[in-house]
Protein chains: 2
Amino acid sequence: MGNNEGKDKGRLGRRTFLGGLAWGGAGAWAQTAPPLAERLPAARSRSGGADMPYGQPSPHEAAVQRTVSEVAGFPVWRTPLQHQRGIITASGLHFAVHHNGVPDLSQEDVTLRLHGLVERPLRFDLEHLMRYPMVSRVHFLECAGNSAANALSPTALDETLGEIAGEVSCSEWTGVPLKYLLHETGLKPGARWVVAEGADAGSHSRSLPLQALLQDGMVALFQNGERLRPSQGYPMRLFMPGWEGNVNVKWLHRLEVTDSPAHTKDESGLYTQVLADGRIERFAFHMEVKSVITHPSGRQVLSGPHGQHEIAGLAWSGRGRIARVDVSVDGGRSWVAARLHGPVLDRAFTHFTLPWNWTGRKAVLMSRATDEHGHTQPLRSEWKRRYAMHSFNHYNAVQAWRVRADGRVENVYA
Amino acid sequence: MGNNEGKDKGRLGRRTFLGGLAWGGAGAWAQTAPPLAERLPAARSRSGGADMPYGQPSPHEAAVQRTVSEVAGFPVWRTPLQHQRGIITASGLHFAVHHNGVPDLSQEDVTLRLHGLVERPLRFDLEHLMRYPMVSRVHFLECAGNSAANALSPTALDETLGEIAGEVSCSEWTGVPLKYLLHETGLKPGARWVVAEGADAGSHSRSLPLQALLQDGMVALFQNGERLRPSQGYPMRLFMPGWEGNVNVKWLHRLEVTDSPAHTKDESGLYTQVLADGRIERFAFHMEVKSVITHPSGRQVLSGPHGQHEIAGLAWSGRGRIARVDVSVDGGRSWVAARLHGPVLDRAFTHFTLPWNWTGRKAVLMSRATDEHGHTQPLRSEWKRRYAMHSFNHYNAVQAWRVRADGRVENVYA
């Protein structure tokens with residue numbers, strides 16, 4: 001903080017805010033302000049423009065977009081996490097994977113039908129769903145296949161964080177707890193599973209255990225305070241906190257209560273994993289503990305030849321709260337506990353930071369999260385030992401970034 | 001929940017979820033699903049449309065917009081709170097008050113200059129500001145003049161909640177704590193105030209006490225995970241949690257450290273309040289404890305002739321956390337504690353709910369919030385006794401809604 005901290009130096013000193021590491025050299029970033037010849041922004045000389053009924057980002061931030069690529073024949077839109085600060089993802093930047101495009105549905109087009117092993121099959125329209133009690137929760141949502149390239153590619157691809165691991169986002173979701181609807185239909189003996197189906201062209205459908213839906217399931221109607229967007233399932237989607245993205249069925253229109261899973265094409269095909277010993281991992285719903293350093297991250301360039309930086313990142317676990325995040329700046333030889341910023345919420349992004357004095361030499365940055373149940377991220381080599389060569393779902397290994405001497409940051413396996 | 005709750009009736013019963021009030025009659029909302037002749041959404045018969053790099057709300061929700069009106073010669077854009085569920089306001093719907101329009105500024109157009117009673121005047125450009133440690137916090141932001149019509153109009157206007165009290169919103173704000181920048185400049189003895197100035201055509205400027213800025217002030221760069229939007233001050237704004245909106249200077253480009261307030265036009269004019277005894281209330285920064293019932297609210301119509309509803313609303317206080325919200329359905333004769341939904345955060349919206357069995361007769365709904373310091377909302381009559389007839393800033397009286405026998409909801413003074 002330079003030599004000019006003034007009388008409050010003690011209170012605002014290193015130990016309080018910087019976790020025991022030095023915060024120095026910051027003064028080099030600011031320029032001495034010229035006392036007289038300050039150039040004022042031209043904007044001050046004319047009245048500003050009009051606002052609009054629904055606000056949009058600055059045109060100067062137009063490059064901050066989701067990136068898209070085709071995977072297995074369908075588009076995957078990824079959140080540019082390297083631009084995100086804070087735990088909430090802007091709704092316009094939320095990741096999306098569409099197997100059959102985005103259907104154009106109005107609120108009147110869709111009703112939610114509950115049937116199967118129930119006393120009384122029921123159909124709920126949106127107007128009446130809106131009268132049920134609602135809950136709001138901040139939760140991440142992650143595609144089972146997030147970070148697939150890191151799992152599959154023999155060499156680390158030189159991509160941005162969003163391109164590598166941007167199939168995860170975090171929002172405040174609001175909707176009707178499914179328990180109200182399921183109990184209203186009256187569950188018959190033998191009811192154990194629920195098959196959820198979307199109103200998209202491919203009838204995307206997944207089987208979920210009934211007890212878990214009774215405990216945590218929600219018919220989500222709102223995201224970040226407003227109605228769901230079309231690419232997130234408008235007018236409604238299933239939401240299961242911490243579970244892989246594709247079971248959170250979008251454009252939800254049907255829940256069938258059954259005694260066993262339906263083994264739909266979507267769960268017997270794409271969303272199973274082959275283990276190294278040849279066994280198949282099915283219905284592995286939870287997304288495991290994971291973290292990424294967002295700043296600095298792939299293809300960014302550190303400004304200045306060296307000096308003080310703040311390492312910042314996001315951590316999450318499909319099984320609960322984040323308990324700690326350790327950070328290494330030497331490729332895993334030594335680790336330091338990062339600071340977790342509140343609120344630390346259940347199955348939500350948690351923001352972590354650690355100050356770092358870059359000496360201008362090569363460095364390898366890594367983060368390793370641990371959740372409240374003691375689950376810790378594996379190294380890539382450990383993850384690869386568990387799964388077969390061609391498996392890629394549920395990849396949660398430690399992400400490493402190499403900082404080159406010229407400040408360029410690259411994806412690396414470590 | 002009807003007669004078909006099944007074996008889990010005890011666990012999902014009234015007391016656990018409904019705060020002691022009955023939840024019944026819900027079965028009347030759903031229709032029995034025809035077993036065979038279900039009409040499927042037409043969307044299922046064709047492939048869906050393409051997604052886009054930056055997502056937008058459904059065209060079917062185009063009516064959910066901010067509303068604008070001219071007040072004292074400048075436009076006021078209000079959040080349609082009657083459509084909001086959850087504590088986060090969609091960034092596109094965040095309220096905004098512009099005294100001089102929205103300047104078109106790029107990141108390169110603006111630097112932040114710190115000068116005045118400092119050892120070393122400094123200028124920070126955005127690239128280097130981004131290297132400082134950042135914090136993220138969920139906070140409400142409220143215009144000092146929010147709910148002015150309720151304060152001034154002799155009769156209650158028949159408007160929506162957003163039109164009445166929509167100059168308040170809640171976001172996750174991320175930025176650099178001002179203490180780092182102020183201490184880097186080196187504060188001189190005698191430094192007591194800071195004058196913050198925006199780069200808009202009118203050079204909007206306010207004086208703030210230095211100590212408060214050192215404790216809580218932030219140069220906000222991000223809102224809900226992405227960079228600030230133009231109408232929220234892109235590329236940067238001052239943010240002071242819990243303080244009236246206009247001191248959170250947008251398009252911030254200058255902070256002058258002084259020994260006393262500057263008495264700028266913006267603080268000596270609009271943002272003072274005349275008390276009933278003729279004294280002037282100046283530099284009353286904190287927004288006081290307040291709440292509104294969002295569902296049901298003004299100009300909504302209850303669906304169905306009678307039955308079970310969930311009263312839902314938002315509460316906030318510029319002085320800390322919400323401790324309780326009491327709700328009345330009989331115009332204030334009796335009150336029941338509503339359920340507060342977590343997370344209950346410091347100086348943020350808090351979501352509250354209470355089940356209500358509407359009998360189909362006239363009713364008057366009110367909510368009264370109390371914060372952790374024991375501050376409670378006044379009734380309108382109490383608020384009016386404190387301030388002069390023409391005062392309207394910092395209006396935080398209890399909002400009442402009359403439900404007519406036909407289900408129509410109206411703003412009313414009670």
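Q: Which residues have the most contacts inside the largest nonpolar core?
A: In this predicted model, the largest nonpolar core has 198 residues. Those with the most contacts inside it are A:Val194, A:Val219, A:Leu365, B:Val194, B:Val219, B:Ala220 and B:Leu365. In soluble globular proteins, nonpolar side chains tend to be buried together.

Q: Take B:Leu365. What is it in contact with, leaving aside neighbours within four places in sequence?
A: B:Leu365 is in contact with B:Ile293, B:Ile311, B:Val329, B:Ala400, B:Trp401 and B:Val403.

Q: Now the two chains. How many residues of chain A are in contact with chain B?
A: There are 112 residues of chain A in contact with 112 residues of chain B. Helix α5 (residues 178-185) of chain A supplies the largest share of chain A's side, namely five residues. By class, that side has 44 nonpolar, 43 polar and 25 charged residues.

Q: Which residue follows α5(A)?
A: A:Gly186 follows α5(A), and its phi is positive, near 80°.

Q: Next, the sheets. What is the order of the open sheet of six strands?
A: The order is β10(A)-β9(A)-β14(A)-β5(A)-β6(A)-β1(B), with mixed pairing. At the edges stand β10 (205-209) of chain A and β1 of chain B, each with a single partner strand, so one side of each is left without a neighbour in the sheet.

Q: How many bridges do β6 of chain A and β1 of chain B pair over?
A: Strand β6 (residues 122-124) of chain A and strand β1 (residues 31-32) of chain B pair over two bridges, in the antiparallel sense. A:Leu122 stands opposite B:Thr32 in this pairing. Within chain A, strand β5 (residues 112-116) and β6(A) are antiparallel over three bridges, and A:Leu122 is the bridge partner of A:Leu114.

Q: Moving on, which residues make up the covered face of β25 in chain A?
A: A:Val409 and A:Asn411 form the covered face of strand β25 (residues 409-412), while A:Glu410 and A:Val412 form the uncovered one. Strand β24 (residues 400-403) of chain A pairs with β25(A) in the antiparallel sense over four bridges, and A:Val403 stands opposite A:Val409.

Q: Which residue takes a positive phi in that hairpin?
A: A:Gly407 does, with a phi near 95°; the hairpin has five residues between the strands.

Q: Finally, how many helices and strands does chain A have?
A: Chain A has eight helices and 25 strands. Its radius of gyration is 24 Å, close to the 22 Å that the globule rule gives for 414 residues, so chain A is as compact as a globular protein of that length. Of its 414 residues, 52% count as buried.

Notes
Residues numbered from 1 in each chain as written. Chains lettered and ligands numbered in written order. Predicted model: local features only at pLDDT ≥ 70, side-chain atom pairs only at ≥ 80, totals over all residues. Contact = placed C-beta atoms within 7 Å. Nonpolar A, V, L, I, M, F, W, Y, C, P; charged D, E, K, R; others polar. Pairing = 2+ DSSP bridges. Core = buried A, V, L, I, M, F, W, Y, C linked by C-beta atoms within 7 Å. Buried ≥ 20, exposed ≤ 12 C-beta atoms within 10 Å, placed from the backbone. Rg over C-alpha atoms; globule rule 2.2 N^0.38 Å.
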